[in-house]
Amino acid sequence: MIKYVGTPASSGLAMAKIKVVNRRIAGFKRVVLAPHRERALFNAAIILAKDELIELIKNSDDAHRDILNFQLVMLDDEGLKRLVNEKIEASVGAACAVEIAMEEYCSRLKAINDGYLSERTTDIRDVLTRVIDILDGKHRERFELTEPVVIVADEILPSDLAAMERKYIKGFVTAGGSYQNHANIIARTMGIPSVCCVNSEVLNPLNNDKIVAIDGYTGEVFVSPNDGTMALFTHRMNLEKREDHLTNQLKHTTVYAPDKTHIQIFANCNDPQDITLAINNGAEGIGLVRSEVLFMSKEHDLSLAGQIRFYTECITACKGKEITIRVFDIGADKPLESLEMEKEPNPALGMRGVRLMYAQPKLFETQIEALLVSADRCGKINVMIPMVSLVEDVKDYLEMVQRVKNRIMDEGIITQDNINWGVMIETPSAAFISDQLAQMVNFFSIGTNDLTQYTLAADRINTNASKYYNPVHPSVIGLMEMTIKNANKYGIKVSVCGESAADFESAKIYIEKGIRCLSMAQNAMLPIKQHLIDEFSAKN
């Protein structure tokens with residue numbers, strides 16, 4: 001038995017035969033022809049690579065289709081082609097020219113220090129390796145799997161995943177890769193154990209067909225495990241199957257209140273990957289997408305096109321289920337390098353959330369346009385306005401929406417307003433004026449974090465004030481009851497999306513007061529579901 005330890009990339013256990021995929025050996029027996037012939041070979045290889053990608057796209061799901069379409073576009077990239085042709089003119093063979101150009105191009109992208117672009121280098125290497133293999137006369141492995149295997153490779157590429165017969169894949173072990181690369185993100189959504197950054201000795205072709213046991217929780221990999229290790233893995237895998245069965249049942253179980261009405265369990269998310277995981281883990285919808293992650297992460301782009309891409313990916317990941325995106329909740333309490341903001345003595349009570357639209361109208365207009373375009377392209381969404389304390393806040397924001405909508409409709413950019421507009425009830429003032437607000441919007445979402453903080457004058461991150469911070473204090477519950485009453489009066493939906501939604505005792509009280517939608521961190525969804533089922537089953 002040989003033990004390796006790598007980095008856990010997707011949780012779970014697996015034990016099966018090894019299939020080694022090693023692409024690190026290349027470039028043998030190359031003959032360099034005249035530059036004009038090498039150019040012709042390169043152009044022909046591009047055409048063949050496109051044909052292969054088009055064939056893969058036809059049989060791929062949405063996630064792989066987007067990646068493969070990106071690769072298809074890269075084959076027409078003029079900058080990349082020019083780089084390759086420059087190397088060919090310097091009497092470098094086409095295959096070697098593509099290798100050199102690939103390294104230079106990917107190095108340039110990584111030098112930009114943008115996480116999104118850095119991750120795209122995997123896709124670029126994947127598609128250019130396809131071109132190199134064609135030029136070398138090396139057949140791309142077709143992955144015709146006929147039995148359960150653990151794929152052991154230098155790196156699992158997106159096109160590999162698109163070509164593999166999923167039912168036979170029990171796990172991945174890679175010498176390279178990272179937790180955030182496409183293959184491991186997809187492995188997590190598929191529930192396939194994966195370990196990356198393992199010693200490259202594991203790629204030894206002699207390991208083919210040997211049994212391997214992998215632990216996606218600890219990163220341990222056992223090649224040719226002894227009888228004791230195999231028995232332990234078999235036992236743990238049986239326990240995991242039993243637990244998975246119960247979990248899958250729970251994912252699809254509907255929770256009912258004592259009055260037989262449906263209680264929706266939604267998730268709070270940050271990005272498309274979060275949303276995909278939440279939906280796969282049983283979320284009935286997404287109650288909060290924090291759009292301000294576009295500021296906080298270098299992986300995202302705040303331009304109109306960048307925001308449209310982000311929102312459309314979020315909506316698509318939700319697979320037709322209800323999704324609510326929050327308007328930028330930024331301000332002096334969340335200082336951002338990209339915005340010049342005056343320092344405030346009490347930022348939690350200053351210019352934050354919707355209040356910032358008066359100082360940064362262009363920022364909010366761009367977001368509104370991006371949201372309207374995304375909803376027009378992808379389907380109905382909810383958008384909620386944070387930090388409302390005056391009727392004028394909502395009135396002025398919706399007037400801005402109307403101006404942007406009229407302009408882009410006149411320009412033919414959108415054909416309809418496919419957005420339900422709502423308000424976050426997170427200040428006592430918003431709760432007190434909820435009667436007026438309910439006549440202006442389509443829904444309320446009660447943000448118990450800030451509502452509790454502002455009602456009890458207790459900073460929620462100040463541990464010294466923790467005894468004053470109580471989301472079910474009678475004053476907070478009273479404001480919630482007022483909000484629920486006014487929402488019901490005008491027939492609009494009301495939900496809770498604060499952290500307390502994930503606390504069983506708090507959630508139970510909210511349901512007793514009439515809340516029928518709870519949105520929380522996705523790892524809290526199933527435990528809360530189980531608690532509520534246990535609590536209410538005897539009453540139903």
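Predicted model: local features only at pLDDT ≥ 70, side-chain atom pairs only at ≥ 80, totals over all residues.
How much of H16 is buried? Helix H16 spans residues 448-456, and eight of its nine residues are buried, so that the helix is mostly covered. The buried residues are Thr 448, Asn 449, Asp 450, Leu 451, Thr 452, Gln 453, Tyr 454 and Leu 456. Directly after H16 comes Ala 457, which has a positive phi, near 50°.

I now turn to the sheet. In general, the strands of a sheet pair through backbone hydrogen bonds, and the pairing may be parallel or antiparallel. Here we have an open sheet of eight strands with mixed pairing, in the order E1-E8-E7-E3-E4-E5-E6-E2. Which strands form its edges? They are strand E1 (2-5) and strand E2 (7-10), each of which pairs on one side only. From one strand to the next, the twist averages 30°.

Strand E3, residues 13-21, runs parallel to strand E4, residues 149-153, and five bridges join the two. In one of these strands, E4, we find Ala 153, the bridge partner of Val 21.

Finally, a helix packs on the sheet: helix H8, residues 227-251, touches E3 as well as strand E7 (211-215) and strand E8 (220-223). The direction of H8 makes about 115° with that of E3. Thank you for your attention.

How values were computed:
Residues numbered from 1 in each chain as written. Heavy atoms only, no water. Pairing = 2+ DSSP bridges. Helix = DSSP H or I, 4+ residues; strand = E, 2+ residues; numbered from the N terminus. Axes fitted to C-alpha atoms, helices over the stretch in contact; angles between N-to-C directions. Contact = heavy atoms within 4.5 Å. Buried < 20%, exposed > 50% of the residue type's maximum accessible area, 1.4 Å probe, protein only.
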